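Q: Can you walk me through this structure? Keep it short, please.

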Amino acid sequence: QVQVVESGGGSVQTGDSLRLSCAASGITANRNCMGWFRQAPGKEREVVALTSSYYGDSVKGRFTISRDNAKNTVWLQMDNLKPEDTAMYYCAIRISGGVTCYTNPGSFDYWGQGTQVTVSS
């Protein structure tokens, strides 16, 4: 059974940093594409960063994704946070297709429960 678990969210102020963690278990293949997405109330889920080094336009230069291939663990370092970064952040893993990443949330097979990030001005 595949499980994806995120941690590290919280409430911060503009300009602060947060580091999110995500661990995927129950899979036998490592180096799968993993990614971070976020969803704010009333908005669609959007891609934040993928392990292919893709970054959403709004986070480029501020967020950094990293991973431990052997452990199917990824981190999202978020610096210079802004109020518009406020959202529920989700980690996802793509089982089919190996290392190939797509920005479409529907291409990911398993999702975590999400961790809330709130940035106040």
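This is a predicted model: local features need pLDDT of at least 70, side-chain atom pairs count only at pLDDT 80 or more; totals for chains, interfaces and linings use all residues.

Q: Where is Arg38, and is it buried or exposed?
A: Arg38 is in strand β4, residues 34-39. Strands are DSSP runs of E, at least two residues, numbered from the N terminus. Arg38 counts as buried because its relative accessibility is 5% (buried is under 20%, exposed over 50%, partly exposed in between, with a 1.4 Å probe and protein chains only).

Q: Which side chains make a polar contact with its side chain?
A: The Arg38 side chain has a polar contact with the side chain of Asp85 at 2.9 Å. The side chain of Tyr89 makes one with Arg38 too, at 2.9 Å. A polar contact is a pair of N or O atoms within 3.5 Å; within protein, one must be able to donate a hydrogen and the other to accept it, and residues adjacent in sequence count only if both atoms are side-chain atoms.

Q: New topic. What is the strand order in the open sheet?
A: The 4 strands run β1-β3-β7-β6, with antiparallel pairing. Two strands pair if DSSP finds at least two bridges between them.

Q: Why is one side of β1 and β6 left without a neighbour?
A: β1 (3-7) and β6 (63-68) stand at the edges, so each has a single partner strand.

Q: How many bridges join β1 to β3?
A: There are 5, and the two strands run antiparallel. Val5 has Ala23 in β3 as its bridge partner.

Note on methods: Residues are numbered from 1 along each chain as its sequence is written. Side-chain values use heavy atoms; hydrogens and water are left out.
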